[in-house]
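Here is a walk through a few helix contacts and a handful of individual residues. Keep the sequence and the 3D view open while you read.

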Amino acid sequence: MNNFELINPTKILFGKGQIENLTKEIPENAKILMLYGGGSIKKNGIYNQVKKALSNFEVVEFGGIPANPEYEILLDALKVIKSENITFLLAVGGGSVIDGTKFLSAAALYKGDSPWDILANNVRTLKGMPFGTVLTLPATGSEMNSGSVITREETKEKLAMGGPGLFPVFSILDPQVVHSIPKRQLANGVTDAYTHVLEQYMTYPIGALLQDRFAESILQTLIEVAPAIIKDPSDYKAAANFMWSCTMALNGLIQKGVPNDWAVHAMGHELTALFGIDHARTLAIIAPNHYTYNFESKKEKLAQYAERVWNVTEGTTEEKAKAGIEKTRDFFQSLDIKTKLSEYTDEYEGTAEIISKRFTERGWLGLGEYQKLTPADVEKIVGMSY
Ligand code: NZQ
Ligand code: ZN
């Protein structure tokens, strides 16, 4: 097992009715900017619950943060933070609203020339404006981690940022919010969380027995609850397990002491930036091909995964590993997620070259757990994904 440090300061309030406890978590004299997305919270009652809980606070609102939070729109929110002397941010939404809020938390205290530098130069934020979250969509784990991904439509870029100053102070996880989530987003949530686990697991054995079992148990739980949650999102037992699995998949715990990959996300983000494909779906397009391309270096973990998660007990290591890749693709497809780029766009020709060129320009020369994947490898993997 590798050496590691672990710190996660986010307080989680999990369960039915936790939204009303918001009031205890926010400093008494805070001036709050409440941030939300395109309006789903106004239809499903979450907006009213939050407003009621905040009735004793001074609250300014900023709605309209789109899926794949857009830089230009966030700059409008930054103006509000400054002109209204906001002291606390409250994200009410899914990964996009929470990520947008993290960007604002960093940008509000940033001393440099332009907030874009935080993304372009990957500035680590050591201290941001404090913020909390009310999670409305289990998927990204953003509610309990310190990372964020921001999109800039103008340049078709999607870049990551983060730092120890960007953990939410608290996050409210009430699984009852799941009841109003459309099937497409539920499938996205399962696929995103599932791939988060794979990025931290599908590498090479390093003798981290507990981390492997943690990862496998999250995958197994997601496989178990996915059909139930998609059939009936108001099934509380399924929703609670779905929600906590998504958080645990990317709150830093399972990645400690083990090699991490994250190449699937790096390539996937480019597909979102170029074509607007939902984040989770880009991962389903890339992941099986990434594992096929890197078969030799990943086959031991692929075989272990096939055996322990999918009960593939027959065959050689190679045969089990191949079955693991097939089971993964089948699982995504069972959620009605298409796994080829050409099923999302007719304009796919040339994508592999464009993405590989972008990685070269950004100096991203060593992706994956060995930091050895080159832009030429990326070109091949994306090419296999058409
Ligand atoms: O905008 P509204 O109207 O609220 O609707 C949203 C949005 O259209 C809707 N929704 C959310 N909660 C709902 C609901 N609809 C009905 N009922 C509810 N309770 O769902 C749609 C998608 O929301 P979004 O926040 O975009 O989804 P998700 O949580 O999947 O977030 C995706 C973003 O997170 C980034 C992705 O790249 C993408 O930009 N990621 C963030 C990560 C992180 N910070 O750690 C890691 C991930 O790998 C990922 O990259
Ligand atoms: Zn993801």
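Is lysine 340 buried, partly exposed or exposed? With a relative accessibility of 46%, lysine 340 counts as partly exposed. Bear in mind that this is a predicted model.

**The loop between H13 and H14**

Lysine 340 sits in the loop that links H13 and H14. Setting aside neighbours within four places in sequence, lysine 340 touches Ile285, Ser385 and Tyr386. Alanine 376 is 36 residues from lysine 340 in sequence, and their C-alpha atoms are 20 Å apart in space.

Threonine 339 is in the loop between helix H13 (317–334) and helix H14 (351–361) too. Its relative accessibility is 5%, so threonine 339 counts as buried. Apart from neighbours within four places in sequence, the residues in contact with threonine 339 are Ala284, Ile285, Arg329, Phe332 and Gln333. With glutamine 333 there is also a polar contact, side chain to side chain, at 2.9 Å from threonine 339.

With 62% relative accessibility, aspartate 336 counts as exposed.

**Positive phi values**

As background, most residues other than glycine have a negative phi. Aspartate 336 has a positive one, near 70 degrees. Asparagine 311 also has a positive phi, near 55 degrees, and is a residue other than glycine. You'll find asparagine 311 in the loop between H12 and H13. Asparagine 311 has a relative accessible area of 61%, so it is exposed.

**How H12 packs**

Two packed helices are described by the angle between their axes and the distance between the axes. How do H12 and H13 pack? Their axes are 7 Å apart, at an angle of about 70 degrees. Therefore H12 is roughly perpendicular to H13. The crossing of these two, H12 and H13, is left-handed. On the H12 side, the contact includes Phe295, Leu302, Ala303, Tyr305, Ala306 and Trp310. On the H13 side, Thr317, Ala321, Gly324, Ile325, Thr328 and Phe331 are among the residues that take part. Sorted by type, the residues of the contact of H12 with H13 come to 9 nonpolar, 3 polar and 7 charged.

Now for H12 and H8. The axes of helix H8 (residues 209–231) and helix H12 (residues 295–310) come within 10 Å and cross at roughly 50 degrees. That angle makes H8 oblique to H12. Here the crossing of H8 and H12 is right-handed. H8 brings Asp212, Arg213, Glu216, Leu219, Gln220 and Ile223 to the contact, while H12 brings Lys301, Gln304, Tyr305, Arg308, Val309 and Trp310.

Asparagine 145 is placed in the loop between strand S5 (131–135) and strand S6 (147–152). Is asparagine 145 buried or exposed? Asparagine 145 counts as buried, at 12% relative accessibility. Which backbone oxygen lies 3.0 Å from a polar atom of the asparagine 145 side chain? That oxygen belongs to leucine 250. The backbone oxygen of glycine 141 is 3.1 Å from a polar atom of the asparagine 145 side chain. Leaving out neighbours within four places in sequence, asparagine 145 is in contact with Lys102, Thr140, Leu166, Phe167, Pro168, Leu250 and Asn251.

Serine 245 is part of helix H9 (residues 236–249). Its relative accessible area is 7%, so serine 245 is buried. Beyond neighbours within four places in sequence, serine 245 contacts Ile218, Thr221 and Leu222. Valine 197 is 48 residues away from serine 245 along the chain, and their C-alpha atoms are separated by 9.9 Å.

Here are the accessibility values side by side.

| Residue | Relative accessibility | Class |
|---|---|---|
| Threonine 339 | 5% | buried |
| Serine 245 | 7% | buried |
| Asparagine 145 | 12% | buried |
| Lysine 340 | 46% | partly exposed |
| Asparagine 311 | 61% | exposed |
| Aspartate 336 | 62% | exposed |

Methods:
Residues are numbered from 1 along each chain as its sequence is written. Chains are lettered from A and ligands numbered from 1 in the order in which they are written. This is a predicted model: local features need pLDDT of at least 70, side-chain atom pairs count only at pLDDT 80 or more; totals for chains, interfaces and linings use all residues. Side-chain values use heavy atoms; hydrogens and water are left out. Axes are lines fitted to C-alpha atoms, for helices over the stretch in contact, and angles run from 0 to 180 degrees between N-to-C directions. Helices (H or I, at least four residues) and strands (E, at least two) are DSSP runs, numbered from the N terminus. Angles under 35 degrees count as roughly parallel, over 145 as roughly antiparallel, 65 to 115 as roughly perpendicular and the rest as oblique. A crossing is left-handed if the near helix is turned anticlockwise from the far one by less than a right angle, and right-handed if clockwise. Contact means heavy atoms within 4.5 Å. Buried means under 20% relative accessible area, exposed over 50%, partly exposed in between (1.4 Å probe, protein chains only). A polar contact is a pair of N or O atoms within 3.5 Å; within protein, one must be able to donate a hydrogen and the other to accept it, and residues adjacent in sequence count only if both atoms are side-chain atoms. Ala, Val, Leu, Ile, Met, Phe, Trp, Tyr, Cys and Pro count as nonpolar, Asp, Glu, Lys and Arg as charged, and the others, Gly among them, as polar.
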